[in-house]
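Reader: I have a structure open and want to learn how to read it. Can we take it one feature at a time?

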Amino acid sequence: MLFANKPRTQEFEAAALPHLNDLYRMAARLLGDAARADDVVQDVYYQAWKSFDRFEPGTNCRAWLFKILFHTLNHYRRKWLNVRMVRESEEILENTSAAGPPIPQHITDEDMLRALAEVPQDFRAVVLLVDVEEFSYKETAGILTVPVGTVMSRLSRGRRLLREKLLGVAHSYGIGRTQEGRSA
Amino acid sequence: MTRTQFGEGACDKTRRYLDAYICNELLVETNHEVLRHLEACPACTAEVATRTRLRGRLKSAVQSLAVPPELPALVKERIRSRQSSAWRFLPSLPTVSPASQRWAMAAAAALVLSAGTWMTYPRPLAMPGVGDRPSQANYIQKISASVAGIFKSALSDHIHCAVFRKYPVNPPAIEEMEAKLGPEYQGLLPVVEPVIPPGYRIVLAHQCTYGGRQFIHLTMRKGSEVISLVVARKENGETLAGLTPAEDSHGVPVYRTSTDQYQIAGFESERYLAFVVSSQSGSKNLQLAAALAPNVRRLLS
């Protein structure tokens, strides 16, 4: 009896732990703080383990964990950060018919991450879920509990903002001005 | 995600669908329309390439963040400690007082937990000794298990040949390294020399074999840090082309992946795969591969 739930724990660890790196990186990018990401990920796994009985084997464990991650992040954001939430007016579908700003040729990981950090959190979350974690629109909508249309508009806006911020980062080094001038 | 016709203002219409197009989220019919337009429109094709490149760079930048090696153990500890605290609610034992039961339970839980911890926690992989070949093979297998097949052999050879090695105080003379590379590959030395990161120098250049595969291997070293350029002939139609490039270096796509401890960046020629493997940051490793890619590829072609 003492060990009655041990096999379940092992089952949980086998299903959930392979996704730990992805969850940690997502938490770190959204919080901008690796130490807090550590705490959040431990919390996510504890919450997931507690509700593992409700998880249906064979369904998408990774998406389920990400959904818990976003619930946990919302809790921590309220606790730690004063995060500006996206206003309804920002949800209007972007007009993406124009080409975005050019991307500097020589960008480092650090440049990319700096630019990403400047993208507002809700847009950043969708860009990370779709472009980095390669979740479908439908899965992303499920994880964030928003309509698919919101995912599409935030993705479009988020990608465009990232390009703009990236150009700003490059300009701060004096890179890309000529290139932008040519393309204008 | 409705079916859309493209006619006048086709570029505008196409670009509204590019976000969904690069995510493969369009309906088949709409996807065909976009593809048809792209075949005839260099501007929209360039926009797709830019967006795809940005996506690839973003992914590799985010994945360059190293995950603390102790995190899996901390997560397991958290779960198991909560599990043990739940044991307090087990049915009471008839002959022992409730207080004693709690103490006994707590002591038993602590004992079981510590034993369980000792037995099951994934301790950081200990680095085997230089002469301990069986443990090295085991270490290499575990480390390389998380990377895609095409990167595995280069990572394995780097660890086998460059990490598990005692280096002499003075590296061999250039003539000796040229002789070990052979006439076909000795041209790599002058190609690598100008882009070696500050503080590093070439300490090894030879042909070696690991896991039944032959490699051309150059190692740069600074103190205890080593960087490998590992080149191998392609086998069984191997190619990196199906992956998303992290960088385009003067027309040569450069790809990357990583484990928690190692960074791997690779490119290819018609007949060869070439990889830079190190424990540097992901961006530095990629930069070096990108600096090497055009000239190394030219040489191998």
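Reader: Which residues of β5(B) lie on one side and which on the other, and are they buried or exposed?

Author: Note that this is a predicted model. Start with the general idea. Side chains in a regular strand alternate between the two faces of the sheet. Now the case here. On one side of β5(B) are Val252(B), Val254(B), Arg256(B) and Ser258(B). On the other are Pro253(B), Tyr255(B) and Thr257(B). All are buried, and both faces are covered. Strand β5 spans residues 252-258 of chain B, and seven of its seven residues are buried, so the rest of the structure largely encloses it.

Reader: Which strands does β5(B) pair with, and in what sense?

Author: Take β4(B) to begin with, residues 247-249. It pairs with β5(B) in the antiparallel sense, over three bridges. Ser249(B) stands opposite Val252(B). Then take β6(B), residues 263-268. Four bridges join it to β5(B), and the two run antiparallel. Arg256(B) has Ala265(B) as its bridge partner there.

Reader: How many residues lie between the strands in each hairpin?

Author: Two between β4(B) and β5(B). In that hairpin, His250(B) takes a positive phi near 50°. Four residues join β5(B) to β6(B).

Reader: Next, helices. What is the angle between α6(A) and α4(B)?

Author: The general idea: two packed helices are described by the angle between their axes and the distance between the axes. Here α6(A), residues 121-132, packs on α4(B), residues 42-63, at about 100°, with the axes 10 Å apart. That angle makes α6(A) roughly perpendicular to α4(B).

Reader: Which residues meet there?

Author: From α6(A), Leu128(A), Asp131(A) and Val132(A). From α4(B), Arg55(B), Leu58(B), Lys59(B) and Val62(B). By class, this contact has four nonpolar, three charged and no polar residues.

Reader: How many residues does each chain bring to the whole contact?

Author: Chain B gives 35 and chain A gives 39. On the side of chain B, α4(B) has the largest share, 11 residues. By class, that side has 16 nonpolar, six polar and 13 charged residues.

Reader: One last residue. Why does Leu167(A) count as buried?

Author: Count C-beta neighbours. The cut-off for buried is 20 or more within 10 Å. Leu167(A) has 22 inside that distance, so it counts as buried. It lies in α8 of chain A, residues 148-172. Leu167(A) and Ile103(A) are 64 residues apart in sequence, yet their C-alpha atoms are 6.4 Å apart in space.

Key. Residues numbered from 1 in each chain as written. Chains lettered and ligands numbered in written order. Predicted model: local features only at pLDDT ≥ 70, side-chain atom pairs only at ≥ 80, totals over all residues. Buried ≥ 20, exposed ≤ 12 C-beta atoms within 10 Å, placed from the backbone. Axes fitted to C-alpha atoms, helices over the stretch in contact; angles between N-to-C directions. Parallel < 35°, antiparallel > 145°, perpendicular 65-115°, else oblique. Contact = placed C-beta atoms within 7 Å. Nonpolar A, V, L, I, M, F, W, Y, C, P; charged D, E, K, R; others polar. Pairing = 2+ DSSP bridges.
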